[in-house]
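Take a look at the fold below. Keep the strands and the charged side chains in view as you read.

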Amino acid sequence: DASYLEDQDHWWMAGLHRDVFVYATQATYVADVVARAELEANLSSGRLRTKVNVGSDQPMGPGWTVELTLLNARGRSALRGVHRAEVAHQVTNAYAFRGKQALFDVKVPKVAPWSSEAPHRYTLVVKLCDPAGEPVEVVRCKVGFKRVEVRNNELLINGEPVLINGVNGHDHDDERGKAVTRAAMREDVLMMKQWNFNAVRTAHYPNDSSFLDICDELGLY
């Protein structure tokens, strides 16, 4: 039987290993949020570039908007004023229409940078509002501001040289096989940190988003 498991660095197991779920939305909803939080050259202020894609199973006219809020670790706003953008809608040229999306490019003063040693994170809150200004959906995600460069043959994170001490990671549990729980993932990441690893190689297949969130929270490249 073990011939089905044989591999040099990974055991192959059949079946469904992760949660499968169904969810419902309003007719118009937030389909995706892409956020890039970068530390600027002065290493003190940040720039948050965000694209919010809106899905809809009905025609959308003008007036739909997206509001952007960024909260620090204490739950206070890290932005000046309210940032709002209108959702693009197709008017004339269908070939030039890039989709129902709202774009933001916001400067954030005095940010706390994210690194493996100090994984400071902010909460990005996205609110989709209908033409009457009523909120339809609110989603949130974590972001961290960092600057990655290669200069003079050195890898710099936020202007500081970093030596990568990494380890391979795989979905594997001694009792549950590849059905790894979030608690077990967190235990693995904590063990990596305790043994002075600062990076993990996610090998061969997409990881559970929970694992990526834990690496983001505890500070693992």
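Predicted model: local features only at pLDDT ≥ 70, side-chain atom pairs only at ≥ 80, totals over all residues.

Residues are numbered from 1 along each chain as its sequence is written, and side-chain values use heavy atoms, with hydrogens and water left out.

Start with strand E1, residues 28-39, and strand E2, residues 46-56. They run antiparallel and are joined by eleven bridges. Two strands count as paired if DSSP finds at least two bridges between them. Strands (E, at least two residues) and helices (H or I, at least four) are DSSP runs, numbered from the N terminus. Within this pairing, Tyr29 sits opposite Gly55 of E2. The hairpin of E1 and E2 has six residues between the strands. There, Leu43 adopts a positive phi near 60 degrees.

E2 has another partner to follow. It pairs with strand E5, residues 101-108, in the antiparallel sense over eight bridges. Find Thr50; its bridge partner in E5 is Phe104. In a regular strand the side chains alternate between the two faces of the sheet.

Now turn to charge. Side chains of opposite charge can pair when their charged atoms come close. A salt bridge here is a side-chain nitrogen of Lys or Arg within 4 Å of a carboxyl oxygen of Asp or Glu. By this rule there are twelve salt bridges.

One of them links Arg18 to Asp171, with the closest N and O atoms 2.7 Å apart. Arg18 lies in the segment before E1, and Asp171 in the loop between strand E11 (166-169) and helix H1 (182-194), so the pair ties together parts that are 153 residues apart in sequence. How exposed are the two ends? Buried means under 20% relative accessible area, exposed over 50%, and partly exposed in between (1.4 Å probe, protein chains only). Arg18 is partly exposed at 35%, whereas Asp171 is buried at 10%.

A salt bridge also joins Arg47 and Asp105, at 3.0 Å from N to O. Arg47 belongs to E2 and Asp105 to E5, so this pair ties together parts that are 58 residues apart in sequence. Arg47 is partly exposed at 22%. Asp105 is partly exposed at 46%. Salt bridges that share partners join Arg36, Glu38, Glu40, Arg47, Arg49, Asp105 and Lys107 into one network.

Finally, Glu149 and Arg151 meet in a salt bridge, 3.1 Å from N to O. Arg151 is partly exposed, at 44% relative accessibility.
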